[in-house]
Amino acid sequence: MSVPDPLEARLSFFTGKGGVGKSTVVAALALEARRRRRRPLVVELGHRASMQAVFGVPDVGHAPREVAPGVFATNIDLDEALRDYVADHVPVRALASRIAKSPSLARFFEAAPAVGEVLTLQRLEQLLAEVDEAGRPRFDPILVDFDATGHALMFLELPRVFEGLVTSGPIRRLLDGFAALLSDDERTRLHLVTLPGRLPVQETLELYERIRTEHAVRLGALFVNRVPAPPLPPDAADLLAPLRARIAPDTPAGRDLALLALEHERYRRLRAQIARLEAVALPRVELPLVRGAVGVEALAELGRIARGAA
């Protein structure tokens, strides 16, 4: 299956089991977008601060900041998002600030379901609407790095969660706008990220089926992260067993062959897990395992591979 350009949509969401390297994939694609003379923005949610570590910058806060030449990042802070939300609906900024700082209101928002997600939607709407001096989108594309699969599903289910509870007003308009955005084939994609292991693959299969059957969002690509190179070429792998049969196992050569056979078996099992992903009817991109620290140059190379340009 050919791989569509993962950067063609204005807004892309990335989800997958915790620890599969979503932030690495997002950062790599942001660098690739910049190489193509676009102005990418990475959006992190809440307490996460992955882009600080990825790009080696001291702080990524609520206001977008440049983390690499032409690449921007923001971490949506719910307190700031609440102030933005109240300010949009209370004309006097000072009064809006006092309302947003109210302890009783803060307790209400902490107890109420899905409020953080609604405030995040409000912030995403603001970022999508921002334009530069020439009237062009200030950020394009916007790449949203979800915490994990459960967080992504919570966002996708927001319109359904509030169905019948909120029938009018600004929250209803916000949710309706988000539902329309999710179903917009031209503007929005949801990409899946996984690892070639049994548990990540199983969760990916379950997530894909749930999204496919329950949600209208257009799925993009499936990124399989940290795929190691094969320890042996296919023709050499066929010779491994005959060689081991002829060389004593307690010799240095025999021990080396035993280690090589172990690595080959691990790789064979890994490929078997990747083969299970054939059930996911999405274009699949395998990203190579990068040994050691993943610097900006390595990320840029991953970005070219992720886009199918390498």
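Student: Before we start, what are the ground rules here?

Tutor: This is a predicted model, so local features need pLDDT of at least 70 and side-chain atom pairs count only at pLDDT 80 or more, while totals for chains, interfaces and linings use all residues. Residues are numbered from 1 along each chain as its sequence is written, and side-chain values use heavy atoms, with hydrogens and water left out.

Student: Okay, Leu-174 then. Why is Leu-174 called buried?

Tutor: Buried means under 20% relative accessible area, exposed is over 50%, and partly exposed is in between (1.4 Å probe, protein chains only). Leu-174 has a relative accessible area of 6%, so it is buried. You'll find Leu-174 in helix α9, residues 170-182. Helices here are DSSP runs (H or I, at least four residues), strands are too (E, at least two), and both are numbered from the N terminus.

Student: What does Leu-174 touch?

Tutor: Contact means heavy atoms within 4.5 Å. Leaving out residues up to four places away in sequence, Leu-174 touches Val-118, Leu-121, Gln-122 and Glu-125. Take Gln-122: Leu-174 and Gln-122 are 52 residues apart in sequence, yet 7.0 Å apart in space, C-alpha to C-alpha.

Student: What makes strand β2 largely enclosed?

Tutor: Five of the five residues of β2 (residues 41-45) are buried, so the rest of the structure largely encloses that strand. Both faces are covered: Leu-41, Val-43 and Leu-45 are buried on one side, Val-42 and Glu-44 on the other.

Student: How do you know that β2 pairs with β4?

Tutor: Two strands pair if DSSP finds at least two bridges between them. β2 and β4 (residues 71-76) run parallel and are joined by five bridges, so by the definition they pair.

Student: What makes Glu-203 and Lys-17 a salt bridge?

Tutor: The rule is a side-chain nitrogen of Lys or Arg within 4 Å of a carboxyl oxygen of Asp or Glu. For Glu-203 and Lys-17, the closest N and O atoms are 3.7 Å apart, so the pair meets the cut-off. Glu-203 sits in α10 and Lys-17 in the loop between β1 and α1, 186 residues apart.

Student: Why is Glu-203 called partly exposed?

Tutor: Glu-203 is at 23% relative accessibility, so it counts as partly exposed. Lys-17, at 30%, is partly exposed as well.

Student: How many salt bridges are there, and which lie in α10?

Tutor: The whole structure has 20 salt bridges. Among them, Arg-212 pairs with Glu-209 at 2.5 Å, and these two lie three residues apart in α10, about one turn of the helix. Arg-210 and Glu-214 also meet, at 3.4 Å, N to O, and they lie four residues apart in α10.
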